[in-house]
Amino acid sequence: MLKKNAWALLCTLLLLSGCGFHFANQGGIEPAFQTMKLQSSDPYGYLSREVRNQLHLHQVQLVEQGEVPELRMKNSQISSAVVSVFKQGREAEKLLTLNLSASLYVPGRGEFPINIRNTRTFFDDSRAALAKSAEQDAIYNDMRAQAARQLMIKIISLQNQLAVK
């Protein structure tokens, strides 16, 4: 029985590798997108640094000039909303939301909007204000890092769509 399952698994793997099957967004950055410009209103902010780090991890070289694709980070906003309260009427839990608006300008093709939205919940106990402030900052930074990763996924998806056309 085990031998039969092993053969079935081997045949499935051979079939999938032979047909060119691959997971969506698994590919890397195409050569046309490996040189890019990055424009940000806050070039030294945490989000911009995370985006630069993700671009570097994907072997994208950042340049200042040239006729190359340009990633324009337009707006990044973090907001919070109260989701639950304690019996005494104090805030108990907040929903933190990060909205990132960006676009990718491709010479000869135009500008393509990219919107990213991340949400996290945050338990807010006002009796431990200092510790919660540091925890909230760590959550914000984690949300920014996740937005940078999502931005790369959307860029890869967009380059794949442009290659098809």
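Modeller: The answer below starts with the chain as a whole, then follows the charged pairs and their surroundings.

This is a predicted model, in which local features need pLDDT of at least 70, side-chain atom pairs count only at pLDDT 80 or more, and totals for chains, interfaces and linings use all residues. Residues are numbered from 1 along each chain as its sequence is written, and side-chain values use heavy atoms, with hydrogens and water left out.

The protein chain contains 3 helices and 5 strands, where helices (H or I, at least four residues) and strands (E, at least two) are DSSP runs numbered from the N terminus. Their order along the sequence is α-β-α-β-β-β-β-α. Of its 165 residues, 30% count as buried; buried means under 20% relative accessible area, exposed means over 50%, and partly exposed lies in between, using a 1.4 Å probe and protein chains only. A contact means heavy atoms within 4.5 Å. Among contacts between residues at least 6 apart in sequence, 68% join residues at least 24 apart.

Now the charged pairs. Side chains of opposite charge can pair when their charged atoms come close. A salt bridge here is a side-chain nitrogen of Lys or Arg within 4 Å of a carboxyl oxygen of Asp or Glu. Searching the whole structure gives 4 salt bridges.

Glu70 sits in strand E3 and is buried, because its relative accessible area is 12%. Arg72 pairs with Glu70 in a salt bridge, with 3.5 Å between the closest N and O atoms. The side chains of Glu70 and Arg72 are also joined by a polar contact of 3.5 Å, that is, a pair of N or O atoms within 3.5 Å; within protein, one must be able to donate a hydrogen and the other to accept it, and residues adjacent in sequence count only if both atoms are side-chain atoms. Arg72 has a relative accessible area of 21%, so Arg72 is partly exposed. Neighbours within four places in sequence aside, Glu70 is in contact with Met36, Lys37, Gln39, Ser103, Leu104 and Tyr105.

A second salt bridge joins Lys74 and Glu111, whose closest N and O atoms are 3.0 Å apart. This pair links distant parts of the chain: Lys74 belongs to strand E3 (residues 70-85) and Glu111 to strand E5 (residues 110-123), 37 residues apart. Lys74 is partly exposed because its relative accessibility is 48%, and Glu111 is partly exposed because its value is 37%. Glu70, Arg72, Lys74 and Glu111 are linked in a network of salt bridges.

Another salt bridge is formed by the side chains of Asp142 and Arg120, at 2.7 Å from N to O. Here too distant parts of the chain are linked, with Asp142 in helix H3 (residues 129-164) and Arg120 in strand E5, 22 residues apart. Both ends are partly exposed: Asp142 has 34% relative accessibility and Arg120 has 23%.

Leu104 lies in strand E4 (residues 91-106) and counts as buried, because its relative accessibility is 0%. Leu104 and Ile155 are 51 residues apart in sequence, while their C-alpha atoms are 7.7 Å apart in space.

A pocket is found on a 1 Å grid over the protein atoms alone, as an open set of points where a 1.4 Å probe fits, with protein on both sides within 12 Å along at least five of seven lines; lining residues have an atom within 4 Å of a point. The volume of the largest pocket is about 180 Å³, a volume being the space filled by probe spheres set on the points, which are joined across faces, edges and corners.
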